[in-house]
Amino acid sequence: MCTCCSNMQKKMISFGCSAFLILFAIVLGTLWPTMSSRLLHDKLIIKNGSVNYQNWIKTPIPMYLEIYLFNWTNPGDIHKYPEVKPHFEEMGPYAFHEVHERVNLVWNENNTVTFNQRRTWHFDPELSRGSLNDTVTNLNVISLNTAYFMRDASTVLKVLTEGMLAMDGSLLWENKRVGDLLFDGLKDPLLDLLKTLNQTVKIPFDKFGWFVDRNLSDTYDGTFTMKTGTDSLENTGMLTLWNGASHTGMYRGKCGEVYGTTGELWPVSHIRNTNVSIFASDVCRSLTLQYGEQISIHDVEGAKYVGDERVFDNGTKFPDAACWCNADHCPDVKPGVFNASACKYGSPTFVSYPHFYLADQSYLDAVSGLSPNKSKHQFYIAMEPHTGIPLDVRAQLQINMHLQPIKGIKMYEKLPNMMIPMMWFTQRATLTPELANQAKMALMLPQLGIYIAIFFGTIGTILVGVFSYICIRKWSTAEVPYEELVR
């Protein structure tokens, strides 16, 4: 404190500083909720430079795609069914590092952004059990589709198709290389015939592979339009359009609507026990997950949402699911398996949870070698609800082909009617400690200003008390002049 000031000035300065600290604390405590809400809003909305934008434009959480293939060990006994069931052995996982990038961004005036999604995969031999040169045996998907598309054709066309299958087709792909079945693709002469037969839908690839032409593609997943959260954080990441439309046109009613998020970005919600939806372009539909339980990842509390029987129900247990059926007579499948043919160019492709987890028991009874397990095969996503940050993701689906007898085509005439498991995959990602620290800071932001206000308010109050005590004590102990005492 200044030495040239009088005692009165020193007292005024001391009390003034104390009063300022108290006033600052009151103002900060009053205004901080609004200020912190604004700061959090600016961090979580999708705009160039925001924290959420940086985390969304290129996923910072390490992601992995793990693929498991089913090897059919006794295909020669297929005509002995049901005495001898098809037996499958699981191969894998074949693990790939996965990166998602958002490209071709267009910012719209209605607080939405339109973009494409580029996905990149790199094989990781250290995380894999096996190599891409492993061989596997299972259904010949191209032959199966060729016969399937001709199931209602005229006798003449069926005879021509049978001749083509006899020359170039086969019931099985035997000892095919894993890498070819996944990303590299198989060249098959029947594929040109298949593209000719299925003229109603243009098949965009010249080779078959479960992930062929997808690596580094900007367009394979389609074009998305989603809300940026500028108007409300509760809308952040919510899709409004896919390929320029709010309805896929592939399923009836609400089942065909585009809703939910793409899975990496979630809206802010203070209600934990609600449901969440993901729009999965792989199956051209939304998947609604149910609230499960509370979890903690790196000391960040979150809510876990799981895929239950509702996701692949056929309307038997949950009437709202009836609109997923496109057949003349519904339901067309038993619960637990979803007919994805509308999304797969008309191919008899069906989706379920891995190992027919939560599916009708008949699917599992028709084959051997599969063992559904909740801890291994449950589909779930965990997130921090106040920021929408994903904590732990296990998105798991199985692809099955519908094997069925087809009259007029000898290769398929006497086959059983059943679902053949082809492969299943899981996309997994877990919050890193670095991103966990970011989440903790965002969660602390509303309380941080209050704590600062309490700190300065406490200091100011203490100083006022100390200065008041010193002044009173000094006044009470001061010597009174003798002249005043004898008056």
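**Note on pockets, cavities and salt bridges**

1. The lining of the second largest pocket divides into 12 nonpolar, eight polar and three charged residues. The structure under review is a predicted model, and every value below was computed from it. The volume of this second largest pocket is about 550 Å³. It is lined by 23 residues, and those closest to its centre are Asp332, Val333, Asn339, Phe350 and His402. Two elements, α7 (361-365) and β15, each supply at least two residues of this lining.

2. The largest pocket holds about 830 Å³ of space. Its lining comprises 39 residues, with Phe205, Tyr220, Cys343, Lys344 and Tyr345 closest to the centre. Two or more residues come from each of α3 (141-149), α6 (189-197), β12 (349-352) and β14. Among the contributors, α3 gives the most, namely four residues. By residue class, the lining of the largest pocket divides into 26 nonpolar, eight polar and five charged residues.

3. The elements that give two or more residues to the lining are α2 (51-57), β3 (112-123), β8, β14 (389-403) and β15 (418-430).

4. Which element gives the most to the lining of the largest cavity? It is β14, with six residues. Strand β14 is also listed among the elements that give two or more residues to the lining of the largest pocket. As for residue classes, the lining of the largest cavity divides into 20 nonpolar, 11 polar and four charged residues.

5. Glu264 lies in the loop between β7 (239-242) and β8 (276-280), whereas Arg102 belongs to strand β2 (residues 88-107), so the pair ties together parts that are 162 residues apart in sequence.

6. Is Glu264 buried or exposed? Glu264 counts as buried because its relative accessibility is 19%, and the cut-off for buried is under 20%. Arg102 is buried as well, with a relative accessible area of 4%.

7. Two further salt bridges join partly exposed residues. In one, Asp184 and Arg177 meet at 2.9 Å, N to O. Asp184 is partly exposed, having a relative accessible area of 37%, and Arg177 counts as partly exposed at 26% relative accessibility. In the other, Lys80 pairs with Asp77, and the closest N and O atoms are 3.4 Å apart. Lys80 counts as partly exposed at 47% relative accessibility, and Asp77 does so at 22%.

8. How many salt bridges does the count come to? The count comes to 17. Some residues are joined through a network of salt bridges: Glu98, Arg119, Arg214, Asp221 and Asp282 are linked in this way.

Terms used: Residues are numbered from 1 along each chain as its sequence is written. This is a predicted model: local features need pLDDT of at least 70, side-chain atom pairs count only at pLDDT 80 or more; totals for chains, interfaces and linings use all residues. Side-chain values use heavy atoms; hydrogens and water are left out. A salt bridge is a side-chain nitrogen of Lys or Arg within 4 Å of a carboxyl oxygen of Asp or Glu. Buried means under 20% relative accessible area, exposed over 50%, partly exposed in between (1.4 Å probe, protein chains only). Ala, Val, Leu, Ile, Met, Phe, Trp, Tyr, Cys and Pro count as nonpolar, Asp, Glu, Lys and Arg as charged, and the others, Gly among them, as polar. On a 1 Å grid over the protein atoms alone, a cavity is a set of points where a 1.4 Å probe fits but cannot get out, and a pocket is an open set with protein on both sides within 12 Å along at least five of seven lines; lining residues have an atom within 4 Å of a point. Grid points are joined across faces, edges and corners, and a volume is the space filled by probe spheres set on the points.
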